[in-house]
Structure formats: C-alpha cells, structure tokens
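The following note is intended for a colleague who is new to this structure. Please read the points with the sequence and the model in view.

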2 protein chains.
Amino acid sequence: MGNSRVTVREIARLAGVSVATVSRVSNGTGQVSEEMRRRVLDAIEKYGYRPDHLGRALAARRHGALGLVFPGLSGPYFTELIQGFESEAVPARASVHILCTHLREDSDDQVLEMARRVDGVAVVGGTISDPALLRLAEMVPVVVLAGRGPETVPSVSVDNAPAMARLTRHLLVDHGLRDLAFVGNPDGSPDVSERWAGFRDAYRELDLDPPAEPVRVAMQQPDGVLAAERLLTGGAAPQAVVCANDEIALGVLVGALGRGLRVPEDLVITGFDDAPMAALVAPPLTTVRQPIRDLAAEAARSILTAVDAPGAAAPDSIVLPTEFVVRRSCGCPAESPTGGTGK
Amino acid sequence: MGNSRVTVREIARLAGVSVATVSRVSNGTGQVSEEMRRRVLDAIEKYGYRPDHLGRALAARRHGALGLVFPGLSGPYFTELIQGFESEAVPARASVHILCTHLREDSDDQVLEMARRVDGVAVVGGTISDPALLRLAEMVPVVVLAGRGPETVPSVSVDNAPAMARLTRHLLVDHGLRDLAFVGNPDGSPDVSERWAGFRDAYRELDLDPPAEPVRVAMQQPDGVLAAERLLTGGAAPQAVVCANDEIALGVLVGALGRGLRVPEDLVITGFDDAPMAALVAPPLTTVRQPIRDLAAEAARSILTAVDAPGAAAPDSIVLPTEFVVRRSCGCPAESPTGGTGK
DNA sequence: CGGTTAACAGAAACCGGTTTCAGGCACGAT
DNA sequence: ATCGTGCCTGAAACCGGTTTCTGTTAACCG
C-alpha cells in the first residue's frame, strides 16, 4: 500500500530475516531458499518497498546518471541529439542530467559541478573550454559530441569538411557558380569551423580563391533571416548562400522570398543536417544529411562502456558518414542528376 | 592536487581532527575555533577534498535535483521552457533531470522511476496519464507545466482560452471573416485543447456556428506544411487558418506561399507563442505572446518551495497573462490598429 | 558412521557524508 | 573554592542500501 518511507531493515524485521537476505532477494543476487524468497517478496509487496536510489548509489559508488552538456540552442538538431542520447541511456537505467550553458559565463564550473553527480558526460563541441574538458575527463569518462576536444578526450562527430567540400564543389562545378557566401560562425562550434574549412577547400582544389570571411551569425532560423538582410541589402548579392545548417538556410530562404527573389533562379541556397523541414519548403533544400540521433546514441554508448570498464583505455574517436542530398534549391531539376552518397 | 577519491575521514586523520569538525568546516555550520578551521582548510586545500554528492545527499535525504518531463518535441517553445526551468534550478544548486516520453508507451513507469531520483518534478501537460500524475504527487512535489492535472496537483499555465477567443474575435469581427480553420490536435495537449475551446467560444459569443472539427496535426513546422496540404488542396480552402502555435503557422505559411497564395490577401494565417521567427517572416505573424520562460521558472520556483517546506499545503495553481500581438498576417496594415493587451 | 562440501542465513563492515550528544576546558560569578 | 555557563571537540549513531565473511545445516561420499 504505502510506498516510500520503508527501508530494508524494516522489511527484514517484518519478514523475520536479515537485511542481507532482503537485499539478495531484491537484487536477485546470491542464493536464497524458496521459503525465504517467498517471505521477503510478500513483505516487499505488502509494504510497497522500493530500494532507495541514494542508498543503493552510495553503496555501488555509481550514480546511475549521465550528463549531457550543450549550449542550449533550439531547433530540431538538439531535439534529435537529446532523443538519441536518451535512447541509449534509458535502457541502461541511467537518467539524463542536462546543462544548458547558454549565455552563462560560469559554465566551466557548472560542468565540473555536474561531473560530481553523474557517471559520465557528453559535451557538445564548443560548449566549454579545453582546460575544463581536461579537468572533467580526469573525474569521469567524457566524450565530445559533434566536435573535437584535446587529443586525449574521445569524440564522435561527422565528416563535416569533406561533406561541405562535396556540396560546394557541386555548386562550383556542376552549376558553374563562383560567388558563394558562407553563413555561419566558425568560432561558435567545431562543426561550423570544419564546414567552413571544407567550403574553402573546395575552392582551392579548383585553384580558385575562396571568400575570405563568412557571414557570422548563430545557428537558428532568425539568424538566417538576419544573414539574408545583410547579404541581400545593398549592391553585391552573392549567387549562392551556403549555410552552416538547415535552420539558417530556412531563415535565408524566408528572407529571400520576402524580398521577392526567386530561389534557385535568382539565388541558390543550401543547408546542412537534412532537418524535417528541408524537404518540405519550396523549393526543397539541397543539403547534407547527418545521422544526429546515431551520433548521440554512439556517444552515450561510448560513455556507458567506459563507465562499466573503468580500467580500459579511452575509446577511439569515431567519425560517422554523411550523405549529400540534392534537391532543388541548388538549381537542380526535381529529380537529382548527381545525387548519391557524399565524400 | 589530486581530487576525487579523498573522504572526510582521511581529511580528518590528516588534519588531526574528527570527521565532525571537518564536516562543520566544510559546511560552515556550528562553532569551530580559528586554529582548527585553519588546519582543516589547509588539508582540504592540499588534498583537493570535495565532499561526495551521494554521501551528502543520503544524509540530507535530498537529491538536489529536479525533474522535467516533456513529450520531447522540438522547437523554440521547449527550449525556452528548459532554460526558464534551469534559470531557477541552477541558482538553487539543483541539477535538472529530463525525460522525453516521446513515442514511448512505458512513460508512466519511467516518470515514476525518475521520481525516486529527484526532489520534485515538473510535468508538461498531457505527457502522462492522470493516475500516474497522482501517484507521482504522493511521492514528490509535482507541478503541471502548461496544462492542468487532477484537482490536487498544482499547475502553472496561461490564459489560453480567452487569448485564443480574443484573436478569433479579431478575425471574425474586425476582419469580417467567417470561414476559419483551426489547426492543432486538442487531444494532444491541454494547451491546444483550451485554445480550440477559446476558438469556438468566439464563434458562439457572436451566435455563429463554429467549425465542428479541427485539423488534427502535431505541433511542429512540418506538421503545418502537412496541414496546408490538407486545407489548400481540393476545392474548399478556408479564408483563414488559425494555428495552435507559431511553428504550425510557419509551416502553413510555407505551404501557402509554395502554392502561390498571397498572405494575407488570399489566406489569413495566425499563430500562438510569438516565437522569434513570428516577427521575421513575410508577412509577420499575428499571434499571441506567452511568457514561456516565466512559466517554467514559476514551476521550478513552486517546486523548490514545496521541497523546502514539506509540511505546507500544495501551492495554488497560477495562470499567467498573455498578450495579443497584431501584425500583418491577419490582414491588418503594418501598424496595428487594434493592438494592445489581450483579454 | 565420519568427513567433505555445497547451500544458505545473518552479523557486521562498508559506501561517505551529517548530526546528536556528552564531555573537557576556560572563564566569570558567588 | 565551587558552581555554572559557554564554547569547542570528538565518539558514535545515522541515512539506506550492498557485500564480505563466518557459521550452521543438510546432503553426499567413501
């Protein structure tokens, strides 16, 4: 009936057995006779005993919790991230602590504080400083999610640079465009930094001079609108806008359409992520699909194994493949002529 | 130097004092002579002692953590929610556990499981069953966030129905429209349910017959695109689409624009939330601003006080006001003629 | 029938803190 | 000199579990 305030010792007393036996029954460990097991189970059932999480955690020296640290940005990307992470954590009976560091200057400390409450942490790339990451790593298993940390900290990420180079090459070669603008802040996240690098690589492979500067904005739709404002107002609008993610691209698209431009005739726009909306807008976005869910799931898995095997060496960093998705916003006709897998 | 594996008893031994004194110093409780305090602080500093969270939590019978349960939907709404919640939790030194129940059928159990690891829980309305909510409430302080639960469970929400009635009245009376479609699934969340009710109320106040059925879709941009497809394909397109939130509205807008419709000339569209994008699209969205951050912060505050005062009666439910925001998607000219505060 | 072994139960130690409680000491008042 | 009276301090109990380790009992074996 009642439920919470009942302890092992009470159950032991009520069932006329020792606490050790109660513990054994409730965990299914060790050997217990049928008779004892019955008595204990009856008492547990009758008084609604549930072992206290803290007591158990203290004894096991394990919190049964994983931490996820991210900047706190909105959008489908982070939703997928969280869900992918949970999809691994929940079956492992680990709860998920989150920390949005967004706009807080003391985030390094807060992450360290979090580390004392969880068994392992996944940190989204670019969220905290490298020194903090290292300190964190000597407290609990850590993995950098979408990005890279110091050499010794494992990470899971995607092949951003090659993928973005592939996309950019498509615009430069297949569509013969030359004047491309890159929208996104390379200093803001490792992902964007790598994409910006890939973007410039594509130019250099063709012996062309890449743009010197990106249009530095954050990663959400409103930032795309802002970027469109900057790019499309005044004289020199580019032929194409290569965006660091789909959300920015959607924002740019809205901004362009709102100015009466036709896409892709007057302006080519591309994204990155293949968010759900990418296929639904008019025109549908040419973009790069990345396995966000898998990424986060992989991170959680990696942490969980590191937690279970405290001795083992840090797991390797892994890089997941992406897929180039050609749709119409780049100027290709409805069915993709050059579509296929990236890299 | 080193950091984690050092305990009170070690510090006590090293400093030549008792564990009680170490505990007193490290917590600043009780009376300790200057001499002792020095010795202990030196040892703490030297060996990098940080009290273990589990030990402390067990002794205090308090987890120092709050739970936040939501369906796992994407979008600016939930981001604001999380950040508002954290803005109260973090200063109170409580970490935040999250649980996305999205698409999982065993969510009731998982919520109950979470309750054993936190001091209190905020549940987004419509996420778990009422019986589960009641069971939850007898374990820890609970508040329903954006919605209502059973009578005995406090909630924080906004004045959805009056706000939506106000907006609908604007379309019916000020713009003389009659054929409105409501997009959103009233069964999916209490918020939508109340908005749908407010929508119909506006009709009835004017002795008009409201639409019998809403267009039932989920709450994200792609769902809005889907709704646009259903509404605008075939003969009978409505004069206006009243959306349960801004994201749906944005989706509908994209769908409408993609079909060559002019907004608001050919089709009026309204939203709810006043998300950042609402003001940035062309045309800007007429919508209802709700204080999402405050809502979540209020929920966290309410739980924290309930945790601190275990005896006290459950706090009252509170309803925060919204604000009607008139922009151009309803057909109003650039400057709002009837703007102002709602209700 | 004696001896070995396996199965099982419980007392006690342990995880790492906090808190109660009793005692020692110095001081001032009587 | 005696008695309070505060101020500090530390031993021990406690929070609620798990686990080791010892001991008993019964079964099995030669």
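1. In an unreviewed entry, UniProt places the feature "domain: HTH lacI-type" at residues 6-60 of chain A. The model discussed here is predicted. Over residues 6-60, chain A is 71% helix and 0% strand, with the end C-alpha atoms 20 Å apart.

2. DNA strand C is surrounded by 30 residues, and the closest are A:S33, A:M36, B:R9, B:S23 and B:N27. Of the atoms of DNA strand C that come within 4 Å of the protein, 58% belong to sugar and phosphate.

3. Individual approaches to DNA strand C involve both side chain and backbone. For B:V8, a backbone N or O atom lies 2.7 Å from a phosphate oxygen.

4. By class, the surface near DNA strand C comprises 14 nonpolar, 9 polar and 7 charged residues.

5. Between the two protein chains, 50 residues of chain B are in contact with 50 residues of chain A. The area buried there is about 4100 Å², with carbon and sulfur atoms giving 59% of it. B:L54, B:R116 and B:R117 supply 16% of the area that chain B buries against chain A, more than any other three residues.

6. There are 2 salt bridges between chain B and chain A. B:R93 forms a salt bridge with A:E113, in which the closest N and O atoms are 3.8 Å apart. The largest share of the side of chain B that touches chain A, 6 residues, comes from β2(B).

Key
Residues are numbered from 1 along each chain as its sequence is written. Chains are lettered from A and ligands numbered from 1 in the order in which they are written. This is a predicted model: local features need pLDDT of at least 70, side-chain atom pairs count only at pLDDT 80 or more; totals for chains, interfaces and linings use all residues. Side-chain values use heavy atoms; hydrogens and water are left out. UniProt positions are given in the numbering used here, feature names are shortened, and annotations may be inferred rather than shown by experiment. Helices (H or I, at least four residues) and strands (E, at least two) are DSSP runs, numbered from the N terminus. A residue is near a molecule or strand if one of its heavy atoms lies within 4 Å of it. A polar contact is a pair of N or O atoms within 3.5 Å; within protein, one must be able to donate a hydrogen and the other to accept it, and residues adjacent in sequence count only if both atoms are side-chain atoms. Ala, Val, Leu, Ile, Met, Phe, Trp, Tyr, Cys and Pro count as nonpolar, Asp, Glu, Lys and Arg as charged, and the others, Gly among them, as polar. Contact means heavy atoms within 4.5 Å. Buried area is the accessible area (1.4 Å probe) that two parts lose on being put together, summed over both. A salt bridge is a side-chain nitrogen of Lys or Arg within 4 Å of a carboxyl oxygen of Asp or Glu.
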